[in-house]
Amino acid sequence: MGKHLHETFLNGKTFSDSPGKLLDLKYLIKQERDLDDEILKEFPLEDYGDLNNFLRVLGSKELIEQFLKIDNRKLDIKEKLENVFIDKVSSNNQLVLLFTKDSLNALGVYRFTYEYLDMAFQMGKFTYYCLENDLEQLLVETTRKLCKLQPLKEFQYRLIEENEEWLIRGVTSIRYNNYDNHLAMYLTLLALHNHAQATNQWYTIEKAYISDSEIVIMFDTLSPAKIVGVGNLYVGLILTNNEIKEKVFSLEYRFRLEDEDGNEFGAIPEGEEPIFTIRHDSGVKSVKDKLKQLKNLEEFKDRIVELVLAISHSPYLSEDRIFDIFKKIKLSRTKYSPETKQAFKNLQEEQLIDNSLHIIKAFNRLTEIVTDVEEKIHLERLFFEVCMDIKKEKSRKKR
């Protein structure tokens with residue numbers, strides 16, 4: 001099993017590239033949710049063309065269908081601690097809570113227990129200590145006492161139904177505005193469609209990761225720019241959103257280079273201003289303003305073409321630069337798992353990445369090691385950093 005109860009991966013090379021219709025986006029709006037009503041009012045589908053028109057995103061039909069299959073029944077409960085009874089620790093080392101006003105029992109999943117107790121009482125490390133040393137009862141009793149000391153403290157509990165049982169997948173502050181995955185997809189597909197109409201182009205889905213709580217979708221413009229001596233350059237975007245963490249819903253620039261043999265790598269600018277980030281306490285009006293930033297995509301494309309042309313003059317990684325890449329992965333404290341770090345260490349020791357490999361082939365081999373979605377994003381940010389270093393080095397030599 002992956003890190004979520006339900007998840008699926010889509011690869012643009014293997015699934016249908018049929019576009020959905022503008023009308024299909026209505027299935028991403030949920031009834032009886034205030035935020036959904038606001039979004040639909042501020043972004044009515046009728047303003048973007050005939051509802052039977054195709055969305056200008058190839059693969060969007062299957063993307064929406066796969067998302068709807070995996071989008072379980074969900075429930076949010078905003079509740080004070082005085083109305084939450086800490087029942088016990090389950091066999092999978094998660095708290096079981098009873099929401100007394102709703103007479104609803106729910107079991108924690110994912111990282112709920114650690115994140116909940118760390119957010120509520122700054123006792124994440126204590127939680128680990130108790131669970132690792134068979135002190136579950138001490139953890140329960142301590143948490144009950146702390147709840148009684150701060151009965152009016154309030155949180156939003158994010159639940160999901162699985163096999164007729166409610167599971168608590170995350171906890172957020174009550175200020176958290178639920179720009180959930182269905183709204184992230186609605187807004188992004190609508191914005192891309194609108195931009196594609198205005199610029200007379202199409203987008204296509206390169207890859208997508210969809211789970212019951214998180215989405216990562218990589219979009220390319222349909223037609224690549226051909227860079228002589230390098231390969232095809234696809235300029236695009238990456239959408240990320242997580243329903244159970246205090247993170248942002250974001251759309252960032254991304255590019256992908258592919259050679260004639262099918263080797264490829266993606267890169268995401270680290271530290272560069274994204275197209276937009278929407279905090280989960282943002283109002284709908286500010287969301288509309290931020291979506292207008294999509295118009296800057298053409299400027300980004302020009303900068304990336306310039307960057308790739310610079311790389312084409314030095315397409316092979318030096319031994320120092322290869323060593324530096326492995327060092328940054330090894331020394332990263334939180335970006336890569338111990339298993340991933342070990343895989344990179346093995347690759348370094350086997351010397352399968354050397355200065356005889358073109359940068360595309362070298363990065364392609366590094367990418368093949370990583371299976372976790374978040375780790376892939378970190379790696380693509382590292383690739384962009386390396387590309388920028390190569391460009392800067394070339395600029396210095398010109399002086």
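Is F126 buried, exposed or partly exposed? I looked it up: F126 is partly exposed, as its relative accessible area is 30%. For my own use, buried is under 20% relative accessible area, exposed is over 50%, and partly exposed is in between (1.4 Å probe, protein chains only).

Ground rules first. I'm working on a predicted model, where local features need pLDDT of at least 70 and side-chain atom pairs count only at pLDDT 80 or more, while totals for chains, interfaces and linings use all residues. Residues are numbered from 1 along each chain as its sequence is written, and side-chain values use heavy atoms, with hydrogens and water left out.

**Entry: F126 and F85**
I found F126 in helix 4, residues 124–132. F85 sits in strand 4, residues 84–89. I took helices (H or I, at least four residues) and strands (E, at least two) as DSSP runs, numbered from the N terminus. F85 is partly exposed too, at 36% relative accessible area. Beyond its neighbours within four places in sequence, I see F85 in contact (heavy atoms within 4.5 Å) with V96, L97, L98, T100 and R144. I also checked F85 against K148: they are 63 residues apart along the chain, and their C-alpha atoms are separated by 10.0 Å.

**Entry: cysteines**
How many disulfides did I get? The count is 0, taking a disulfide as a pair of cysteine sulfur atoms within 2.5 Å. For C130, the closest cysteine sulfur is in C147, 14 Å away, so it is too far for a bond. C130 is buried, at 0% relative accessible area. C387 is buried as well, with 0% relative accessibility.
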